[in-house]
Amino acid sequence: MYISQMIIADSIWLATALLHRQSKQAPDFAVQEIIEKVLAENLVNGFRPGLQVYASKHCVANKSPNPGRYRMLFETGRGRRRLFCEGDPFHASRQGGKIRPEKNELPTQYQPVVDWYDAVYAKRTHGDAATVGGRVRETTHPVLGEGELGSETAWVSAAGAFVIPENLRRELGIMEGTRLGIHREENRLVLEPVTEGFIRSLRGSAKGGTSLVKARERQHRMEK
C-alpha cells in the first residue's frame, strides 16, 4: 500500500527495518539493497531520485549532515548500512535528529515495525551488537565532532583490507597513495600516515649522543 505522506527518510528507515526482520543474522545491508526494498514495497510510489542520497548520507548518523540531520541509519563500512541504535557514535551536528518514524507516519500494516524496533532492536546491548557477524564495534566516543579524533569503526574484509573513515582521512591528510606505517603496541594495532607533515616532525628527532647505527652494530657483536 502506498501512502503519499510517507517521506523518503521514513521509507529508507522502514525498508532497512524490514530487511533486518527478514534477515535476522545479517548485521547490515548494502545501500542498493535498501533502495530495492523501498521499491519492492512500493513505499514512495516508484523510484525517487532522492533515495540514493538519503540512504547514502542524509539518514546516516555517523556522517556529517548536509543538510539532513536524521540518525536513522549507521554506516558500518563503505556502502553498508544498518539501523541506528542509541549508544552508536554519531556526528555532533546530528544531536537530537530523528531516529525513527512515529507510528502514525507509516501505513497501518507497517506500524508494528516501530514496536519491534523499540522492543527488540533498540534494546540490544552493546555486547550483543559487537558480536553480530563476528564483528567488533567500538562505542567509546558516542558523539563525533568536527576535528575530534574520536573512536571510529572499520570492518576488515577476508583479504585483510578495511576503509579508514572519511573524517579521519581528511583530518590526518590521508589521500589515495598515502603510505601507512603499521606497528603493534601490546594488543593494539597503530597506524601512522607517512605524510609530509609526519616526515617533517621526525627531522632532528634522532639527534643525540647515541648513534642508532652504532647501537645496532654493538647488539650484533653481542649476539655473536
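What share of the 224 residues in the chain do buried residues make up? In this predicted model, in which residues are numbered from 1 along each chain as its sequence is written, local features need pLDDT of at least 70, side-chain atom pairs count only at pLDDT 80 or more, and totals for chains, interfaces and linings use all residues. Side-chain values use heavy atoms, with hydrogens and water left out. Buried residues account for 36% of the chain, where buried means under 20% relative accessible area, exposed over 50%, and partly exposed in between (1.4 Å probe, protein chains only).

The chain has 8 helices and 7 strands; these are DSSP runs numbered from the N terminus, with helices (H or I) of at least four residues and strands (E) of at least two. The accessible surface of the chain is about 13600 Å², and carbon and sulfur atoms hold 52% of that surface; such areas come from the Shrake-Rupley method with a 1.4 Å probe, and for residues only the protein chains shown count as cover. Of the contacts (heavy atoms within 4.5 Å) between residues at least 6 apart in sequence, 52% join residues at least 24 apart.

Leaving aside neighbours within four places in sequence, Ile12 touches Ile34, Val38, Leu51, Tyr54, Ala55, Cys59 and Leu73. The structure holds 0 disulfides, a disulfide being a pair of cysteine sulfur atoms within 2.5 Å.

The aromatic residues come next. Rings of Phe, Tyr and Trp (its six-membered ring) pair if their centres lie within 6.5 Å, with planes under 30 degrees apart counted as stacked, over 60 as edge-to-face and the rest as tilted. By this rule there are 5 aromatic pairs. One of them joins Trp13 and Tyr117, which form an edge-to-face pair because their ring centres are 5.5 Å apart and their planes stand at 75°. Since Trp13 lies in helix α1 and Tyr117 in helix α4, this pair ties together parts that are 104 residues apart in sequence. Trp13 is buried at a relative accessible area of 0%, and Tyr117 is buried at 4%. Trp116 and Tyr121 form a tilted pair, 5.7 Å centre to centre with 45° between the planes. Here, too, both partners are buried: Trp116 has a relative accessible area of 16%, and Tyr121 has a relative accessibility of 6%. Trp13, Trp116, Tyr117 and Tyr121 make up one aromatic cluster.

Finally, there is His20, placed in helix α1 and buried, with a relative accessible area of 7%. Beyond neighbours within four places in sequence, the contacts of His20 are Ala26, Pro27, Phe29, Arg82, Leu83, Trp116 and Tyr121. A polar atom of the His20 side chain lies 3.2 Å from the backbone nitrogen of Leu83.

Notes:
Polar contact = N/O pair within 3.5 Å; in protein donor to acceptor, adjacent residues only side chain to side chain.
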